[in-house]
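Load the model and keep the selection panel open. This tour goes from one selection to the next.

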Amino acid sequence: MAKIYATGRRKASIAKVWLTPGTGNITINGLSLDAWLGGLEAKKLRVKQPLALSKQETSVDIVATTLGGGFGGQADALRHAISRALVSFNPEIKAILKPAGMMTRDSRVVERKKPGKRKARRSRQFSKR
């Protein structure tokens with residue numbers, strides 16, 4: 001079977017994933033998952049979540065590149081891309097991943113700052129006297 005390509009997005013992050021049948025190796029930006037995320041165990045679990053739900057942890061190899069945003073957004077973009085690649089690999093997996101919310105792109109982004117405000121909605125402190 002050939003390589004399967006998929007793209008995932010979250011906030012300002014984009015993840016490109018190539019999935020091939022293999023032994024369960026995950027390489028992100030030329031690093032292993034542990035080297036890329038370090039001690040951020042919760043984010044590692046989020047990246048592996050679609051593999052765990054579909055029971056494909058040891059049957060596919062993943063090579064990914066991420067850009068934009070921070071580690072949280074990139075981890076969620078990876079999760080989205082891996083889910084899409086798994087569905088392309090085996091369409092029956094969609095019945096497992098869709099109810100868990102893996103197939104939907106999380107469209108929440110940071111609200112823009114408004115003029116005259118400190119942040120998007122936060123006003124300056126009011127002084128009565």
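Which strands does helix α3 lie across? Select residues 71-89 and look: the helix lies across β1, β2, β3 (26-28) and β5 (60-67). Its direction is about 145 degrees to that of β1. Keep in mind that this is a predicted model.

Now show the sheet. It is open and has five strands, ordered β1-β2-β5-β3-β4, with mixed pairing.

Next, the largest nonpolar core. It holds 27 residues, and Val17, Ile62 and Leu78 touch the most other members. Two or more residues come from each of β1, β2, β3, α1 (33-37), α2 (41-54), β5 and α3. The most come from α3, which gives eight.

Centre on Val17. Beyond its neighbours within four places in sequence, Val17 has contacts that include Ile4, Tyr5 and Ala6, then Ile62, Val63 and Ala64. Leu78, Ala81, Ile82 and Ala85 are also in contact with Val17.

Move to Ile62, in strand β5. Is Ile62 buried or exposed? Buried, because its relative accessible area is 1%, under the 20% cut-off. Leaving out residues up to four places away in sequence, Ile62 touches Val17, Trp18, Leu19, Asn25, Ile26, Thr27, Leu51 and Ile82.

Last stop: draw a C-alpha distance from Ile62 to Arg79. They are 17 residues apart along the chain, and the separation is 12 Å.

Terms used:
Residues are numbered from 1 along each chain as its sequence is written. This is a predicted model: local features need pLDDT of at least 70, side-chain atom pairs count only at pLDDT 80 or more; totals for chains, interfaces and linings use all residues. Side-chain values use heavy atoms; hydrogens and water are left out. Two strands pair if DSSP finds at least two bridges between them. Helices (H or I, at least four residues) and strands (E, at least two) are DSSP runs, numbered from the N terminus. Contact means heavy atoms within 4.5 Å. Axes are lines fitted to C-alpha atoms, for helices over the stretch in contact, and angles run from 0 to 180 degrees between N-to-C directions. A nonpolar core is a set of buried Ala, Val, Leu, Ile, Met, Phe, Trp, Tyr and Cys residues joined through side-chain atoms within 4.5 Å. Buried means under 20% relative accessible area, exposed over 50%, partly exposed in between (1.4 Å probe, protein chains only).
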